[in-house]
Amino acid sequence: MMVSKTTALHVGTLFVLVALFFVLPAYHVGAFARIMVLAIYAIGFNLLFGYTGLLSLGHAMFFAAGMYGFGLSMNFGGLTVLPAFAVGVFAAGLLALGVSFLALRTIGVAFMIVTLMFAQTFYLVILYFGEYTRGDEGFIIQQAQRNLAGIDLTSETARYFAAFTLFAICFLAMARLVQSPFGKRLVAIRENEERARMLGYDVGRLKLAALVVSGLFSGVAGAAYAMLFGYVGASFAAVHYSIFPLLWVLLGGAGTTIGPLIGVIFMFYLIDISSSYTNAYMLVAGVALVLLTLFAPQGIAGTMRKRAVSWLP
């Protein structure tokens, strides 16, 4: 029964996202295309934070690695969409692997600081090689380049369903992953790392795998953002883009499969609506986060699981 309910939840979520394309006005269709891409980023972060218990403050470097891997390989390597996308994801995974070997030598606050330092270094590297990256200004990927098998990815329909396809793959893959023995072992590490080690689990290898997989998902999101929205810029490697996935996951519900999507939708529209009334829209977002932390510390989906829907994955 639990398997059928969770399957229905994930399939139903995807069905709703398809249906939204046909009922929402054009502005919100574009917004949801962006939301689904950012939700992939949040899903990757959630694997590390929500399921493994590791708080990274440098995930923006993986998102940006996917983005720059895609954009630079197209502009300077002459690659087409699919090979460039693969380069972006590979770049993020390779960076995550390199960071893992050093960052996972630390724990707790030290891990947070080390990942933040790596992210800042990556951001400064982007600025240093401004001749190619265009620094804070960034660069545009031309419309003619963003074409996949004759499909113009800049069109509203193609962009939405490309974002949906990538989100669906990542969403279902993560749902399967966290229910697998590997996912259960990550949860064991989150709950009690010493006990997991005593049970014979190779904690170091599991944490390394979690960080690399998390980086790969973030790289998919970064490459997808560049591919679908045609912009690559250093701002996506800055500190605030490492904080955003943390906020999304906390709001939506850490350690839940649906939480990242809920958190991105909530935060996106909270900022979108409040920015039409005040320039202090981040203050509004901060107040909302504080209130949710006080009254729903497990996030929206986490609170639903605790109070009413105990089977929520």
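Mentor: A pocket is an open set of grid points with protein on both sides within 12 Å along at least five of seven lines. Keep in mind that this model is predicted.

Trainee: How do I begin looking for empty space?

Mentor: Rolling a probe the size of a water molecule over the atoms shows where empty space is left. In this structure, the largest pocket holds about 450 Å³ of space.

Trainee: Which residues are the closest to the centre of the largest pocket?

Mentor: Thr6, Val178, Gln179, Lys184 and Pro313. They belong to a lining of 21 residues.

Trainee: Which helices each supply at least two residues of that lining?

Mentor: Look at α1 (2-23), α7 (156-179) and α8 (181-191). Of the contributors, α1 gives the most to the largest pocket, with six residues.

Trainee: How does the lining of the largest pocket divide by class?

Mentor: Count 11 nonpolar, six polar and four charged residues.

Trainee: Now the second largest pocket. How much space lies there?

Mentor: About 310 Å³. Its lining has 16 residues. Nearest the centre of the second largest pocket are Leu38, Tyr241, Phe244, Phe268 and Ile271.

Trainee: Which element gives the most to the lining of the second largest pocket?

Mentor: That is α12, with five residues. At least two residues each come from α2 (26-51), α11 (240-252) and α12 (259-274).

Trainee: And the classes in the second largest pocket?

Mentor: The lining has 11 nonpolar residues, along with three polar and two charged ones.

Trainee: What sets a cavity apart from a pocket?

Mentor: In a cavity the probe fits but cannot get out, whereas a pocket is open. This structure holds one cavity of 30 Å³ or more. The volume of the largest cavity is about 40 Å³.

Trainee: Which residues line the largest cavity?

Mentor: Ile43, Asn46, Phe171, Met174, Ala175, Thr256, Thr257 and Pro260 form the lining. Two helices, α2 and α7, each supply at least two residues of it. The most come from α7, which gives three.

Trainee: How many charged residues does the lining of the largest cavity have?

Mentor: None: the lining has five nonpolar and three polar residues, and no charged ones.

Trainee: Let me trace α7 through the model. In the largest pocket, α7 supplies at least two lining residues. In the largest cavity, α7 gives the most to the lining.

Mentor: Good. Now trace α2. It supplies at least two residues to the lining of the second largest pocket. For the largest cavity, α2 again supplies at least two lining residues.

How values were computed. Residues numbered from 1 in each chain as written. Predicted model: local features only at pLDDT ≥ 70, side-chain atom pairs only at ≥ 80, totals over all residues. Heavy atoms only, no water. 1 Å grid on protein atoms, 1.4 Å probe; cavity = no way out; pocket = protein on both sides within 12 Å on 5 of 7 lines; lining within 4 Å. Points joined across faces, edges and corners; volume = space filled by probe spheres on them. Helix = DSSP H or I, 4+ residues; strand = E, 2+ residues; numbered from the N terminus. Nonpolar A, V, L, I, M, F, W, Y, C, P; charged D, E, K, R; others polar.
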